[in-house]
Amino acid sequence: MSDETAERIADLIAPLRVRPGSKVDLERDFDPRYKGGLKKRDGAELLRTGVSLLAEYQERLAAQDTYGVVLCLQALDAGGKDGTIRHVMSGVNPQGVRVSSFKVPSSEELDHDYLWRYNQRLPTRGEIAIFNRSHYEEVLVVRVHPENLVRQKLPEGSLGPGVWDRRYREINRWERYLTDNGFKVVKIFLNLSKEEQRTRFLKRIDLPEKNWKFSAADVRERRRWDDYQFAFSEMLSATSTKWAPWYVVPADRKWFARICAAAVLAHTLDEIDPQFPDVGDQARQDLLVTRRALELEAPEGDAADPYAERHPSAGRTGKRHGKSRKKRG
Ligand code: ATP
Ligand code: MG
């Protein structure tokens with residue numbers, strides 16, 4: 001992308017990034033209604049730009065064979081995870097994206113260490129894996145409802161008050177390991193206000209076509225609002241790292257949340273700057289020989305190379321066609 005676009009995206013998301021090492025108080029530090037000075041009517045255009053940018057990046061990511069991306073999405077109920085995934089990924093090739101939703105662990109999953117099931121869903125090189133809920137549930141819902149921890153069959157010495165700090169450390173190290181091995185981890189928390197959650201729950205009750213989305217369990221979880229805010233604050237403070245930062249995306253306005261989510265992913269891909277593989281000079285020479293042979297097969301009166309005739313600037317120079325831009329300093 002152009003330097004200007006890249007800078008615009010970086011500026012948009014900079015206030016959302018949790019500074020590594022900072023102590024977060026969610027309610028004090030992040031406003032769910034923030035919209036970065038944008039207006040809704042500019043939003044649709046911006047989202048379209050973001051989505052087509054992602055499509056272009058993803059094509060290049062899929063072509064190379066070094067990097068993969070893990071995008072973790074966390075939110076409170078009705079935070080808009082599903083809609084965000086649907087909109088942000090609307091332009092990309094489904095073959096390069098893998099969405100995994102993590103629910104209450106199965107008995108098979110509970111028979112393993114807690115990171116096991118997330119390991120199973122990691123991307124291959126070239127892929128984007130979206131985690132709809134993620135390993136962070138292990139320090140969120142499990143912390144708010146410690147009976148979940150009991151079900152995890154941990155040895156005696158691994159329970160107790162140090163368990164959350166230990167998990168933060170383990171998660172940070174796991175993400176560091178992934179990053180060092182080519183898998184970039186980026187984390188988005190869709191930050192919804194309590195009042196907007198109430199409105200969205202009511203909408204699910206008021207509109208018959210939304211009734212299926214309503215869950216009494218969600219309303220029960222709402223009663224633990226303050227405990228979740230605390231668990232989120234602790235988690236954001238402990239696990240936003242230089243290699244795998246958290247972004248707190250204001251989620252009261254869906255249109256803005258979607259733009260931000262697309263921007264965070266675009267920024268991540270921009271940092272990777274994936275390139276179409278360069279086949280090398282020898283392979284290129286071989287291609288030119290093959291082209292000559294194919295051209296000789298042209299039927300009488302037809303163009304030797306119909307594609308080149310329609311696209312006069314294509315191919316003839318023998319140069320690679322990566323769309324990379326110069327790295328900013
Ligand atoms: P939807 O938008 O469809 O409601 P959802 O992500 O809320 O999507 P649900 O099936 O409603 O999916 O809920 C999944 C539940 O699983 C959540 O309440 C979540 O907290 C819980 N969960 C996820 N991971 C764990 C875990 N490791 N231990 C216990 N509960 C978990
Ligand atoms: Mg749910």
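1. Contact here means heavy atoms within 4.5 Å. By that rule, Gly83, Thr84, His87 and Val88 of helix H4 meet Arg258, Ala261, Ala262 and Leu265 of helix H13. Four of the residues in this contact are nonpolar, three are polar and one is charged.

2. A word on the basis: this is a predicted model, where local features need pLDDT of at least 70 and side-chain atom pairs count only at pLDDT 80 or more, while totals for linings use all residues. Residues are numbered from 1 along each chain as its sequence is written.

3. How do H4 and H13 cross? Their axes (lines fitted to C-alpha atoms over the stretch in contact) come within 9 Å, at roughly 60°.

4. A pocket is an open set of points on a 1 Å grid, where a 1.4 Å probe fits, with protein on both sides within 12 Å along at least five of seven lines; lining residues have an atom within 4 Å of a point.

5. Thr5, Arg8, Ile9, Leu12 and Leu46 lie nearest its centre, among 15 lining residues. H13 (254-272) is one of the elements giving two or more residues to this lining, and H1 gives the largest share, six residues.

Notes:
Chains lettered and ligands numbered in written order. Heavy atoms only, no water. Helix = DSSP H or I, 4+ residues; strand = E, 2+ residues; numbered from the N terminus. Axes fitted to C-alpha atoms, helices over the stretch in contact; angles between N-to-C directions. Nonpolar A, V, L, I, M, F, W, Y, C, P; charged D, E, K, R; others polar.
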